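Keep the sequence and the model side by side as you read. The walk below goes strand by strand, then turns to side chains and a pocket.

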Amino acid sequence: MTDIDMGQSFIEERIPHRPPFLWLDRVLHLEDSSIVAEKLIPQDLSLFQGHYPHYPIMPGVLLCEAIFQAGALLIAEGLRQAGTTAAAVPVLTRIHSAKFKREVRPGDLLEIRAELVERLGPAWLLKGSVRVAGKPAVQVEFACTGKEA
């Protein structure tokens, strides 16, 4: 695929995540081995009431989750394009080398990237990142495998 602008319906047709735990708003670019998506972090996101009420920052684990969801979407679309639309859901099996570079705050627009590094049988090895205003916030390597839905 080339540059596309696909929103919630495109995403929800391919992965099982739903609000309030869907961390992708739309897909900006999708190719066979890479995806770029975005997510606007709402000012009034309820988790900021408890994740430092006087200095709200996005939890790093949720930034990683956004990358994992982008990876799942990349895998799901790849399977769909290959004609294997069986009910396999990509499930996270490994997290490696997570690096947190900067804080993400309410109102930030995330650029979320995931790239397929290698496929080994039923496993996909990926790497991804979150950037804010062009600057890296998180980088992580991870693996997924397909589980029956």
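A114 stands opposite G128 in β6. This is a predicted model, in which local features need pLDDT of at least 70, side-chain atom pairs count only at pLDDT 80 or more, and totals for chains, interfaces and linings use all residues. Residues are numbered from 1 along each chain as its sequence is written, and side-chain values use heavy atoms, with hydrogens and water left out.

Strand β5 covers residues 109-120, and β6 covers 123-132. Helices (H or I, at least four residues) and strands (E, at least two) are DSSP runs, numbered from the N terminus. β5 and β6 run antiparallel, and ten bridges join them. Two strands count as paired if DSSP finds at least two bridges between them. The turn of this hairpin has two residues between the strands, and G121 takes a positive phi near 60° there.

How well is β6 covered? Seven of its ten residues are buried, so β6 is largely enclosed by the rest of the structure. Buried means under 20% relative accessible area, exposed means over 50%, and partly exposed lies in between (1.4 Å probe, protein chains only).

β3 spans residues 34-40 and is mostly covered, with five of its seven residues buried. β3 also pairs with β2, residues 26-30, again in the antiparallel sense, over four bridges. Here V27 has A37 of β3 as its bridge partner. β2 and β3 form a hairpin with three residues between them.

Now look at S34, which lies in β3. Leaving aside neighbours within four places in sequence, S34 is in contact with H29, L74, A114 and E115. Contact means heavy atoms within 4.5 Å. P106 is another matter. The C-alpha atoms of S34 and P106 are separated by 27 Å, and the two residues are 72 residues apart along the chain.

Next come the charges. A search of the whole structure finds six salt bridges. A salt bridge is a side-chain nitrogen of Lys or Arg within 4 Å of a carboxyl oxygen of Asp or Glu. Which residues form a network? E13, R14 and E77 are linked by salt bridges. R14 meets E13 at 3.3 Å, N to O. R14 is buried, at 14% relative accessible area, whereas E13 counts as exposed at 53%. R14 also meets E77, at 2.4 Å, N to O. E77 lies in helix α2 (residues 60-81) and R14 in the loop between α1 (8-12) and β2, so this pair ties together parts that are 63 residues apart in sequence. E77 is buried too, with a relative accessible area of 4%.

Another salt bridge joins E111 and R113, with the closest N and O atoms 2.9 Å apart. Both ends are partly exposed: E111 has a relative accessible area of 27%, and R113 has 37%.

Go back to α2 and find Q69. Is Q69 buried or exposed? It counts as buried, at 0% relative accessibility. Beyond its neighbours within four places in sequence, Q69 is in contact with I15, H17, F21, L22, W23 and L24.

Finish with the largest pocket. Its volume is about 250 Å³. On a 1 Å grid over the protein atoms alone, a pocket is an open set of points with protein on both sides within 12 Å along at least five of seven lines, and lining residues have an atom within 4 Å of a point. Grid points are joined across faces, edges and corners, and a volume is the space filled by probe spheres set on the points. The lining has 15 residues, and D32, L74, E77, G78 and L79 lie nearest the centre. The elements that give two or more residues to this lining are α2, β5 and β6. α2 gives the most, with six residues. By class, the lining has nine nonpolar, two polar and four charged residues. Here Ala, Val, Leu, Ile, Met, Phe, Trp, Tyr, Cys and Pro count as nonpolar, Asp, Glu, Lys and Arg as charged, and the others, Gly among them, as polar.

Key
1 Å grid on protein atoms, 1.4 Å probe; cavity = no way out; pocket = protein on both sides within 12 Å on 5 of 7 lines; lining within 4 Å.
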